[in-house]
Amino acid sequence: MPSLPPTSIDPPAAHAPVATAVSAVAAAWFAVLTALSPPVLDPGIRLAVMNAFATVCHQMPDRTFHVDAVPLALCHRCLGVFAGLAVGAGVGLLSRATRERAYVHAGGFIVAALIPLALDWTLDVVGLIPNTTASRFGTGAVFGLLLGALLIAALRTKTRVNPYAATGLQ
Amino acid sequence: MPNPRQSIIMGAVVTALVGVLLAFPAQSGNPVFGFVACCLPAIIGGLLVTWHYTNTYGVSLNLGSGAKYGAITAALGAVGGAVLQLLLTAVNVFPSTAERIEMQRERMLEQGMTEAQIDQGMQMVEFFSGAGGQVLSIVIGVVVFALIGALGGLIGAKAFGGGKDTTAASPEI
């Protein structure tokens with residue numbers, strides 16, 4: 001059976017876009033603040049938080065920031081990603097111009113987010129340029145910042161149905 | 001518009017399985033696989049759900065829907081992975097609670113804690129090795145996975161679904 005051509009039909013937004021976007025920003029800040037919290041937590045709770053983040057991060061001691069000799073719950077790169085995500089999503093929520101720019105140039109945002117991260121990781125793996133704390137955190141932050149802004153732009157963009165999409169008409 | 005349930009379930013199952021597979025070496029302290037494991041299951045889930053949805057039904061997918069499907073998929077995958085790990089622990093494939101507690105003691109020693117801090121910590125570790133700790137870990141895991149899954153869904157919607165809809169020229173409100 002031949003596959004159907006893509007259509008432009010998508011369901012209208014079922015929930016208030018603002019509420020969804022605010023939830024995403026809140027989740028991003030919750031994640032980054034929880035990841036930063038181990039140095040101020042009781043040792044047992046600290047370990048529970050560390051264990052929770054162990055599912056998404058290797059937490060290698062030599063690749064993790066320490067505060068008062070206590071490691072944070074995410075490595076340099078992952079902390080950069082989540083910190084960037086929280087800031088980028090926050091900026092995206094507050095700035096309409098950022099949302100518009102992100103939405104219109106979505107492909108560019110994604111490529112620009114991925115390239116520094118991929119280069120930093122690949123050049124280190126092949127042994128050309130070893131990555132550093134700053135490069136890991138920085139490239140992670142760029143990734144999170146750009147995709148955080150794009151995420152909010154996407155969530156706050158109202159969707160409407162084009163009844164003529166299947167015919168190619170707009 | 002086709003219901004995305006089938007794609008989400010398929011993506012969640014794969015997310016859970018990849019998460020559990022990558023948790024094996026990470027739990028035994030292998031830094032190489034642990035490094036690769038970073039966020040990978042959630043991103044795979046987000047990419048997979050958008051790919052399966054657009055490919056199966058021949059529709060385009062806007063970025064917002066891609067992000068939502070990715071977030072739901074990864075969140076369900078996080079819960080599924082946690083349940084799977086509990087089952088594997090019950091059949092002794094994963095370390096038991098007692099073994100994990102001992103591993104935590106070793107981690108505290110590596111962190112340079114004093115005996116008093118370790119004793120105090122171990123009381124909390126034993127508490128958090130129970131239901132309370134499991135729930136806390138799952139809640140944090142779901143939030144973190146949902147965020148990363150949303151990013152995977154965004155990328156997937158752009159790559160596989162065109163990332164476009166009829167509002168592309170007039171971004172909201």
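Reply: We may begin with chain B, whose elements, taken from the N terminus, follow the order α-α-α-β-α-α-α-α-β. That amounts to 7 helices and 2 strands. Please bear in mind that the model is predicted.

Me: What percentage of the 173 residues in chain B is buried?

Reply: Buried residues account for 48% of the 173. As for contacts in chain B between residues at least 6 apart in sequence, 81% link residues at least 24 apart.

Me: How is the packing of two helices described?

Reply: One states the angle between the two axes and the distance between them. Here, H1 of chain A (residues 17-36) packs with H7 of chain B (residues 131-160) at about 120°, the axes being 10 Å apart.

Me: Which residues make the contact between H1(A) and H7(B)?

Reply: H1(A) contributes A:Ala24, A:Ala27, A:Ala28, A:Phe30, A:Ala31 and A:Thr34, while H7(B) contributes B:Ile140, B:Val143, B:Val144, B:Ala146, B:Leu147 and B:Ala150. By class, these are 11 nonpolar, 1 polar and no charged residues.

Me: Which residues of H4(A) are buried, and where do they lie around the axis?

Reply: In an α-helix there are 3.6 residues a turn, so residues three or four places apart point the same way. In helix H4 of chain A (residues 96-104), the buried residues are A:Arg99, A:Ala102 and A:Tyr103. They span an arc of only 95° around the axis and therefore lie on the same side of H4(A). Their cover includes helices H3 (76-94), H5 (106-125) and H6 (133-155) of chain A.

How values were computed:
Residues are numbered from 1 along each chain as its sequence is written. Chains are lettered from A and ligands numbered from 1 in the order in which they are written. This is a predicted model: local features need pLDDT of at least 70, side-chain atom pairs count only at pLDDT 80 or more; totals for chains, interfaces and linings use all residues. Axes are lines fitted to C-alpha atoms, for helices over the stretch in contact, and angles run from 0 to 180 degrees between N-to-C directions. Helices (H or I, at least four residues) and strands (E, at least two) are DSSP runs, numbered from the N terminus. Two residues are in contact if their C-beta atoms, placed from the backbone, lie within 7 Å. Ala, Val, Leu, Ile, Met, Phe, Trp, Tyr, Cys and Pro count as nonpolar, Asp, Glu, Lys and Arg as charged, and the others, Gly among them, as polar. A residue is buried if 20 or more other C-beta atoms lie within 10 Å of its own, exposed if 12 or fewer, and partly exposed in between; C-beta atoms are placed from the backbone. The arc is that of the directions from the helix axis to the C-beta atoms.
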